[in-house]
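Please look over the sequence and the 3D structure shown here before reading on. The paragraphs that follow go from the whole chain to a few of its parts.

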Amino acid sequence: MNGTGRRGGVVARALLACLAGGLATSPALAAALSPEAARQLRESLDRIVASAALAGARAGVLVAELESGAVVYAHDADELLNPASNVKLCTTAAALARLGPEYRFETEFRVDAPGKAARSLYVRGKGDPTLTTERLWAIAGELSLLGLSTVRDLVLDDSWFDAEREGPGFDQEQGDRAYLAPASALSLNFNAVAIHVAPGSRPGERGRVALEPMSDFFDLRNETVTVRASARRRVVPSSVPLEGRQRIVVQGRLPVGGRAQVVWRKIDHPVLYLGHTLRRLLALRGVKVTGRVRRGAAPEEAVLLHVAESEPLGEVVRRLNKTSNNFVAEQILKTLGAEMSGPPGSWPKGVEAAEAFLASAGLPRGTYVMKNGSGLNDSNRFSARQLTTLLREMWRRFPLMPEFVGSLPVAGRDGTIRWRMEGTDAVGRLRAKTGTLESVTSLSGYAETQGGERLVFAVLVNDAPSRGAAAVRAVDAMGAALAAAGAKERPGEAVALGTAPSPSPAPSDAKARLQTYRRLGAAGDRRNLPFLRTALRTEGDPAMRLAVAEAIWRSDPDGDTSRRTFLDGLSADPDTVLRLRALAGGDGEPALDALADLAAEGLPEALARLLDLAPAAAREPALLDIWGDALVEVARTAPEETLAALRGAAGADVATRALARGLARSGERDHPFPAAVARIAAEGGEAADWARALAARLDEETRTAAAALRAPAASAPARSPNADPAPAGESRPGGG
């Protein structure tokens, strides 16, 4: 080997070592935990498992030394639980082992005969989950440069997979969300379409709606309206299958001057979606398609014109696990089935191939349940011990280990745990796959302790009180405790992470800090997120933490993580909002405005949190009117959802009174909320009885409030000057 080759080998080995961790590496094998460090770690984990955050939940936990496999801690480690997206560990491990990190997905382009004009251009897919409009544009250019100028029919061959589009477990959830996208051997843009929405230039105009990519595959219905700047925003997109096409309907109210937004929705005919998009891109490249876009088989004698290859599987797996992409996981599983058992690929074939690999990795068939590749919904069961067994096996398989370990998100750095475990020893020292479903949270991977010991772990939590912060904080506390093992007093700090921050008196500069956070939130700049995340970690006062959480959401209003941060930051104690209002000193409505913006989008949790403010509103007349005005706006934008939230809510009586007063002040005769109540009241059953009672109460309260408004001003209820809506042309911070 020449010198260049030797240097290349050294560099390659160094890169592999870096990929293997993100875990700091030691010259020798990592040492075992000392008995004292192991004892402290067990005590810390016991306290977290027994904490109120996991009360009533089922938790399976196993922590072991990576090299020796010696168990450091176990709690119900053999109980089969729903692992959520931790199933992707099994899918990606099996794919890397059976297909190899260098495997590439192929899409073939064939013609009947060479020449400029083709009777048919055949597109034969083999499950590529990464094909995008950008790549398809490049492919269209390649076909043009190869001399193709005219095509009669565009024939799409998706026979590499079977006809099943919806995987096991997907049928448990109805909807058009992008994460429910169907599988297909020919797919584009993760089988989802981007819907761009922006307000018009003045109230009353249609909003601006566009699709990417656009083609005659779509039937776009724009039913949005631009409203005054002070109105609440709501965008309701829907994707509905038609015969061979897709209808996209966008409804909503868009405040003038508000932000543009992009939302994604799944499509139901992936093959035709790709075909019609390709037809349009070919036309832009000068290649005319004069006939139909249709499904059909590519004859074996058709001449191969071009093969489009994906990136290597190792890179596809890295992106899959970093972002926890359901669609890509299912495409890989069906591809695994096609390659191992022959086409067409199917879920049963894919699971069979995965189970064969798992058996070789130490997970006997029949000891777990695997139905799909993504972990979606209530379909799979694994134990914490089984997942740690798999993780240890993948660490030992050197040809696969760099790609597998390097695909896992890094705490505090990237992927689905970019914002988790910040400020702890886990940052940069823990790599793990997340899993999140309703009442389910999981985290499994590798961690390196302060002393350089390497640990493998799996934490599966089922029947958590909610999908929210408490259970996730507890799981993150376990991760922090693993990384802190052996460091004096660090495990105790990790346990503290698993509980809600303790209240602390606001320092004298609280008002100044509040102004800073609100100013940053109003800027709507995602570049402020690192600073705000640090502030969220360091603030001890719940009111100030809520202010930071609001600023985080306003900096990234369309982000799931930022929305979750804000909703989790709302304390169950309404006095937190009252303290925040007092600190603001009449300068707007911190927290309440942002919460109303989210509630107006119809989010059930945001509506519930808004109604939780009833006790505070009842104690403060000025807040009651401001809160009532917010409820009126929310009920205008999301009347059915508001009605559903009111039923059974603890603050329903106070909310009804506040709504009635707000309706009386607005003077609207055609507000949609009373009409929604009347629709439910006209139906039969218990809901109708409740709605009729609500209608009567609402009517009575509205008449009483209207009479009070007609009385002399001296008898009118007090109202804060900041209850007036924002003047026309002035948008709320964050576009709400």
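**From the whole chain to its parts**

Of the 736 residues of the protein chain, 54% count as buried, where buried means under 20% relative accessible area, exposed means over 50%, and partly exposed lies in between, with a 1.4 Å probe and protein chains only. This is a predicted model, in which local features need pLDDT of at least 70 and side-chain atom pairs count only at pLDDT 80 or more, while totals for chains, interfaces and linings use all residues. Residues are numbered from 1 along each chain as its sequence is written, and side-chain values use heavy atoms, with hydrogens and water left out.

The protein chain has 25 helices and 17 strands; these are DSSP runs numbered from the N terminus, with helices being H or I of at least four residues and strands being E of at least two. Among contacts between residues at least 6 apart in sequence, 73% join residues at least 24 apart, a contact being heavy atoms within 4.5 Å.

Strands of a sheet pair through backbone hydrogen bonds, either parallel or antiparallel. Here 3 strands form an open sheet in the order β7-β6-β11, with antiparallel pairing, and two strands are taken to pair if DSSP finds at least two bridges between them. The edge strands, each pairing on one side only, are β7 (208-212) and β11 (261-266), and the twist from one strand to the next averages 25°. Strand β6 (residues 192-198) runs antiparallel to β7 and is joined to it by 5 bridges; I195 has L211 in β7 as its bridge partner.

The loop between β7 and β8 (218-227) holds S215. Is S215 buried or exposed? Because its relative accessibility is 7%, S215 counts as buried. Leaving aside neighbours within four places in sequence, S215 is in contact with H276, T277 and R280.

Turning to a pair of helices, the axes of α3 (residues 87-99) and α9 (residues 384-396) come within 11 Å and cross at roughly 30°. That angle makes α3 roughly parallel to α9, since angles under 35 degrees count as roughly parallel, over 145 as roughly antiparallel, 65 to 115 as roughly perpendicular and the rest as oblique. The axes are lines fitted to C-alpha atoms, for helices over the stretch in contact, and angles run from 0 to 180 degrees between N-to-C directions. The contact is made by L89, C90 and A93 of α3 together with L387, L390, L391 and M394 of α9.
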